[in-house]
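Dear colleague,

My notes on selected features follow it.

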Amino acid sequence: MVGEIVFHLGDCKTGTTSIQRTLALGSVVSPHRSLIYPTQANHIPLASSLHRSQEAKFAEKRFADLARKLKKSDADTAIISAEAFEFVDPRALKKMIDSHLSPWKGRMRFISYVRPHADRLVSAFAERTKQGGHIGDMDALFDRFLEKKFLHFAPRFHSWRETFGEAYTLRPMVRSMLREGDVVTDFLDFVFEGQEFSFDPVPLANESLTLSDLAALRKIHEVLRQETDSNLAVRKARHTFGWNMAILLSALPRPKVADKPKLHADLARRVVETYREDAAIIDRDFFGLDAASGPMSQALVAAPARAAATPQPIAPEAYFDAAALRMLQGSGEMFARVIQYDPETMTKGMRPQALRGSGGKKAGKGKKGNRKSAEKPLPSPVAQLARRLPEGLRRKLSPLRRHQS
């Protein structure tokens with residue numbers, strides 16, 4: 001079985017996608033240790049089973065499956081990575097570890113990265129806008145986060161350290177404090193504990209979008225919400241659309257003049273006043289620095305100087321003429337039509353081809369593993385209809401479905 005387990009816990013918007021793509025590529029090599037990354041992309045389903053009520057029924061099976069994979073491997077280190085651990089109660093993870101991963105007791109390490117408060121607000125605004133989860137301005141999101149204490153980081157990170165003790169590490173997502181100014185290199189330095197390693201860099205992943213990009217996605221999401229149901233499968237499809245469309249857009253050439261989201265001056269002042277104490281606590285308790293030199297406090301102090309003088313426009317009409325808005329409206333209605341027809345297939349189909357399978361991928365000793373396609377043929381029209389019928393009628397249709405197949 002594997003020698004040790006490293007849990008990469010996020011946070012969101014701290015380079016997690018770049019780390020996960022590097023691990024999935026299987027190119028990480030060290031003469032001192034071998035790795036296994038037992039998933040095709042990330043371990044978000046594993047983490048989601050600990051914080052989403054509709055996923056909780058899968059928790060035992062997912063952790064049991066993970067344990068079996070780790071017992072079959074002779075790699076020195078296994079890496080479990082999911083930014084969704086940010087939303088997990090560490091005690092819930094410890095419970096699953098005690099139940100399924102007890103053979104590695106004392107041989108686990110945990111790491112989180114924290115993005116400074118102002119930067120996290122801006123990045124969260126862009127992220128939630130592109131996924132259709134937020135339709136207001138940045139001030140509205142600030143108020144929403146304040147009510148939920150979402151950006152009060154210190155209590156959450158203290159909880160992780162209280163649960164896992166010295167095995168837990170928090171790192172600042174501040175370029176000047178990362179090894180070689182790169183979060184992937186910094187993370188692998190943690191994994192290998194300073195030992196030699198190398199890896200093939202991947203293209204920058206999940207880059208921030210421009211204001212006009214976000215305005216276009218906002219328009220399409222408005223149409224999707226109007227034209228589709230609100231059940232879980234449809235919401236997941238809408239989320240997948242926004243996430244993957246953003247990746248496609250970020251890879252395309254940008255206009256020479258393309259503004260990105262920023263705080264405005266008044267909001268920046270509110271952010272500084274609200275989170276000054278939280279930043280100082282993190283600097284003191286996790287980085288051993290005072291507010292005068294700590295990365296969280298210094299980033300907060302610098303936020304107003306980078307802010308726009310006035311709020312940036314967010315309405316699609318501010319960026320597109322009537323013809324472009326008409327095209328966005330029609331595109332949204334077409335996406336809504338196909339999502340509504342079969343949200344599960346759309347969710348799968350919008351992903352990159354390499355991520356459509358259900359199987360995991362191992363990255364042992366820095367070599368690429370073979371991966372067989374896990375795609376299944378689309379069900380017949382009768383089968384698709386049958387899935388929407390009551391159980392009794394489905395039984396009656398069974399002979400016809402077999403004939404159609």
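Which helix and which strand each supply at least two residues of the lining of the second largest pocket? They are α4 (90-100) and β4 (108-114), where helices (H or I, at least four residues) and strands (E, at least two) are DSSP runs numbered from the N terminus.

The model is predicted, so local features need pLDDT of at least 70 and side-chain atom pairs pLDDT 80 or more, while totals for chains, interfaces and linings use all residues. Residues are numbered from 1 along each chain as its sequence is written, and side-chain values use heavy atoms, without hydrogens and water.

The pocket (an open set of points on a 1 Å grid over the protein atoms alone where a 1.4 Å probe fits, with protein on both sides within 12 Å along at least five of seven lines; lining residues have an atom within 4 Å of a point) holds about 200 Å³ of space, a volume being that filled by probe spheres set on the points. Of its 13 lining residues, Ile-97, Lys-105, Gly-106, Met-108 and Phe-164 lie nearest the centre. Helix α4 gives the largest share, three residues.

Lys-130, in helix α5 (residues 117-130), is buried at 4% relative accessibility (buried is under 20%, exposed over 50%, with a 1.4 Å probe and protein chains only).

In helix α13 (residues 322-341), Leu-325, Leu-328, Gly-332, Ala-336 and Ile-339 are buried. Seen down the axis, these fall within an arc of 75° and so line one face, the arc being taken from directions to the C-beta atoms. On the other side, Ala-323, Arg-326, Met-327, Arg-337 and Tyr-341 are exposed.

Technical notes. Expected span 1.5 Å × (residues − 1).
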